[in-house]
Amino acid sequence: MRVDSITLRKLQMRLKAPFETSFGVTYDRPILLVELHSDGLTGWSEVTATEGPFYNSESVDIAALVLREFVIPLVLGKTFATAAALPETLAAIRGHEMARAGIENALWDIEAQQSGVPLWKLLGGRQQEIPCGVSLGLQTTPERLVEQVGIELAAGYQRIKIKIKPGKDLAYISAVRKSHPNILFSVDANSAYTLNDLEHLRSFDQFNLLMIEQPLWWDDIYAHSKLQRQIHTKICLDESIRHLRDAQAAVELRACGIINIKLGRVGGFSSARDIQAFCLGRKIPNWCGGMLECGIGRAHNIAVSTLPGYTLPGDISASTRYWVEDVIEPEVTVTPQGTIKVPQTPGLGYHVRHDFIERWTVEKQTFRAS
Ligand code: OSB
Ligand code: MG
């Protein structure tokens, strides 16, 4: 595959409802898309960075700059035998995993099309139907949250995750648990606590949670290992796992019992597969996290979730939960059993709506090989 050209686009997409986490509220999602042309084919991917460096250190505009100045010059005009060969070419760039993933993942789409197989098959996926959960943002009252949970359970979702932060935790967790004693139920703090909150976090043990996601610092493993020793609820690491070595350190230190793998955060499909293979060997369950993606990132999340070891329901829900209209056709839908059936056509498995993408594009730049 020769990389003939790359187009970066920033879209502005309005979420159906604002999404609030411990680090802020998102109303409009800036979406950075990569359109990669190679051997007469077009590969798509989504750079999953957020509007500011508040989830991790990346943002859409920082990622666009790193892509333009450093990543794209390394790949333009080059030929790759496989998409898996790409990370080596980008090895000189430190960090900026989401930016790097944007290029690698688009090349996987090309390789799948060229090989005439669905992307999930090329990755080595097996599951043809993947279990889905939802992530609910912070709500104004526990009653309002319980109402939202009821709606998502009625739609079939297999696991409910709620965002929490100090002052918006116990009352909310206990209200949901009281209304639904037997559901798979987890919480995500996005680094809102410290080790001074040990007693408080320990009190969550009474709610039989599936996991508590990233309670402590976004870049920490060691303090999580101290916390995990003192609470029964399994810790799931999200933000602090950027690559295989982080996963190895976390598992060796017993800092978590579960790992959420996000394609962007770990630098792309190759790194996600490395982490998944390691976790499978160590019996650490995985699941696919979400970053409020549009259809393109969502399609990639579906593909990677078919790998063995992705046993827990992911944060991959229907397009209609986020968008009035999505950029793919058909949109992602969830069965009444709370699953997504994986597509069977070559490549991404969904048709990309170029017309919508053009309409919502606010910035665009094309880079061509000479
Ligand atoms: O921590 O999982 C997270 C959204 C933005 C940034 C971080 C996170 C999230 C979510 C939403 O929880 C998951 C989704 O529905 O896409
Ligand atoms: Mg999370």
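This is a predicted model: local features need pLDDT of at least 70, side-chain atom pairs count only at pLDDT 80 or more; totals for chains, interfaces and linings use all residues.
Residues are numbered from 1 along each chain as its sequence is written, and chains are lettered from A and ligands numbered from 1 in the order in which they are written. Local features need pLDDT of at least 70, side-chain atom pairs count only at pLDDT 80 or more, totals for chains, interfaces and linings use all residues, and side-chain values use heavy atoms, with hydrogens and water left out.

Let us begin with ligand 1. Around this ligand are 16 residues, of which S135, N190, K262, L292 and Y322 come nearest; a residue is near if one of its heavy atoms lies within 4 Å. By class, this shell holds six nonpolar, three polar and seven charged residues. Oxygen atoms of ligand 1 lie 2.9 Å from a side-chain N or O atom of S135, 2.8 Å from a polar side-chain atom of N190 and 3.1 Å from a side-chain N or O atom of D238. Of the 390 Å² of accessible area that ligand 1 has on its own, the protein covers 98% (Shrake-Rupley method, 1.4 Å probe).

Next comes the magnesium ion, ligand 2. Its protein donors are D188 (OD), E213 (OE) and D238 (OD), at 2.1 to 2.3 Å; donors are N, O and S atoms within 2.8 Å of the metal (3.2 Å for Na, K and Ca), and water is not among the atoms, so sites may look incomplete. Because D188 lies in strand β7 (residues 184-188) and E213 in strand β8 (residues 211-213), the pair ties together parts that are 25 residues apart in sequence (strands are DSSP runs of E, at least two residues).

Methods. A polar contact is a pair of N or O atoms within 3.5 Å; within protein, one must be able to donate a hydrogen and the other to accept it, and residues adjacent in sequence count only if both atoms are side-chain atoms. Ala, Val, Leu, Ile, Met, Phe, Trp, Tyr, Cys and Pro count as nonpolar, Asp, Glu, Lys and Arg as charged, and the others, Gly among them, as polar. Helices (H or I, at least four residues) and strands (E, at least two) are DSSP runs, numbered from the N terminus.
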